[in-house]
Structure formats: structure tokens, C-alpha cells
Amino acid sequence: MDIQEERVGDTYVVIAKGRLDSSSSAAFAERVGGLLNDANPRLLVDFAEVDFVTSAGLRAVLLLLKKAKAVNGAFALCSLQAPVREILDISGFTPMLTIHAARPDGLAALKA
Amino acid sequence: MPLEMEVLATPEAIDALMDRIMGFMQDERVDQRTAHNVALIVEELVVNLGSHGSCRDRPAKIKLSVEPGSVNGEIRDSGPAFDLTKVADPDINLPVEDRPIGGLGLFLVRKLTTSLQYSQLNGENLTSFAVTRRLGVDVKD
């Protein structure tokens, strides 16, 4: 998995590409978790180019979600591909997450 | 022609396995959703064998075949006996704070397969599954 970060105002945008699975999810959780160390972090993870998520990926997302809650941060995903969205739905993750259709929506919501 | 592979449950081998499975699914014109779910099922099963079985040093044998209505898979391994059909589901309605980390792999396998069977014979475990395909859709749908 390839991970890039951008800063848009006070929001970190993480652009992930590839598979979020047993090979990549620990590094993903660690790298993205590091962005939640600021005070009042705002984090948007763009999943437009993530085409594959396994339970290891779900574990990473849950870790990030728990950390964001613990530090009172804002954490959202955007641009989920349909098969990835299905996995989040089946696992009961969707109600716990803030999911935006596209990056501009996520950025607008996190700026507010 | 079915896909047959032997794989150790190491990150590199699993990565290569996923590439191979996705390529095979595309060659066989399986729709994206089915291809994704088949690859996920295989990865979850192999990763599970790596942590609880013994497939870090003894490879698992994987066979996938694409039929008109479904993709069928078999995984044979020589690790400890483990009937994945008998594991309780996690509670997926818990709030964030109470959701435990982990435990979703076999749950996803059970949810995504149309059929799932386990048997053990002569020290070999056989896990077989089927995933119903969507027909008449483009591979990219």
C-alpha cells in the first residue's frame, strides 16, 4: 500500500492506494495514527484508490477510530469503492464511521 | 483451468497470492465484487492458518475454480484441526469503545461465502467454500 499525506488548512488528508490487508495494515495504522498526535486533530482518509480491505484493514480503521475518539479528534473517510464499502457495512463499521462520497465533502465537513 | 497454488502464510507469499488470485479472476471475467470477496476469503483463511495453524513452515494448498454460477475454493492444510464453521460471531452492534480489536476475519468468511464446509481426514484439514457470482455484468462493475 502506498500512503501520501497532504495538509489542507488544519486537516490532514491521507491518500491511500492499493490493498489494506495483513501485509500493509499495521504500517498504515502506525503512520496514520501518528497524525492523530496533534491537539484536536482533523483527519480525512481518502480511499478512492483502495480496492481491497480485509479484517486486518478493519482492525487498523478501528484502532484509528478509537484513537481519534480518545483525543477528541475528527476522523472521516471518503470515496469508498463499492466492494470496500460492502465490507464495512457487513462488519457493522458503517454506523461508527463518518463517510463522505468525495474528498471535497470531507474537507468541507472537517473544516466546519 | 482452476488455479492451484501452495502458499506459506508469510506476508510476501500472501501478497503474491493476492496478485495471482486477482489476475486469475480477471482472466476468468469474474465481476469485481465476487473477485474481491474471493480474494478476501482466501487471505483471511491463509492468515488464520498462519497465526493458529502451522502454515508458516508447511504450505497450504489452495485451489480456485470458476464455474458458471460461482467461484469455488478449497484450502487444504496439515495444521491443528479447527472447524471455522463453529466459531461464534462477534457482536457487530457494539459501539466503538466496546468493539474489540480483531476477531472479524472468520466472520467475514462466513458472511461472504454462499456455502462453507470443513472436514478433517488423515491429519489434513479441508476447508471448501463457494461464492455466488453476479452474471451478465462487466468485470469492472
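Predicted model: local features only at pLDDT ≥ 70, side-chain atom pairs only at ≥ 80, totals over all residues.
1. Let's start with the fold of chain B. Three helices and five strands make up its secondary structure, and along the sequence they come in the order β-α-α-β-β-α-β-β. With a radius of gyration of 15 Å, close to the 14 Å that the globule rule gives for 141 residues, chain B is as compact as a globular protein of that length.

2. On overall dimensions, the C-alpha trace of chain B spans about 40 × 40 × 30 Å along its principal axes.

3. Next, burial and surface. Of the 141 residues in chain B, 47% are buried. The accessible surface of this chain is about 7,100 Å², and carbon and sulfur atoms account for 49% of that area.

4. Now to the largest pocket, which holds about 450 Å³ of space. It is lined by 26 residues, and those closest to its centre are S55(A), R59(A), V47(B), N48(B) and S51(B).

5. Which elements supply at least two residues each to this lining? From chain A there is α2 (55-70), and from chain B there are α1 (11-27), α2 (32-52) and α3 (105-112). The most comes from α2(B), which gives seven residues.

Conventions: Residues numbered from 1 in each chain as written. Chains lettered and ligands numbered in written order. Heavy atoms only, no water. 1 Å grid on protein atoms, 1.4 Å probe; cavity = no way out; pocket = protein on both sides within 12 Å on 5 of 7 lines; lining within 4 Å. Points joined across faces, edges and corners; volume = space filled by probe spheres on them. Helix = DSSP H or I, 4+ residues; strand = E, 2+ residues; numbered from the N terminus. Rg over C-alpha atoms; globule rule 2.2 N^0.38 Å. Buried < 20%, exposed > 50% of the residue type's maximum accessible area, 1.4 Å probe, protein only. Areas by Shrake-Rupley, 256 points an atom, 1.4 Å probe, with all protein chains shown as cover.
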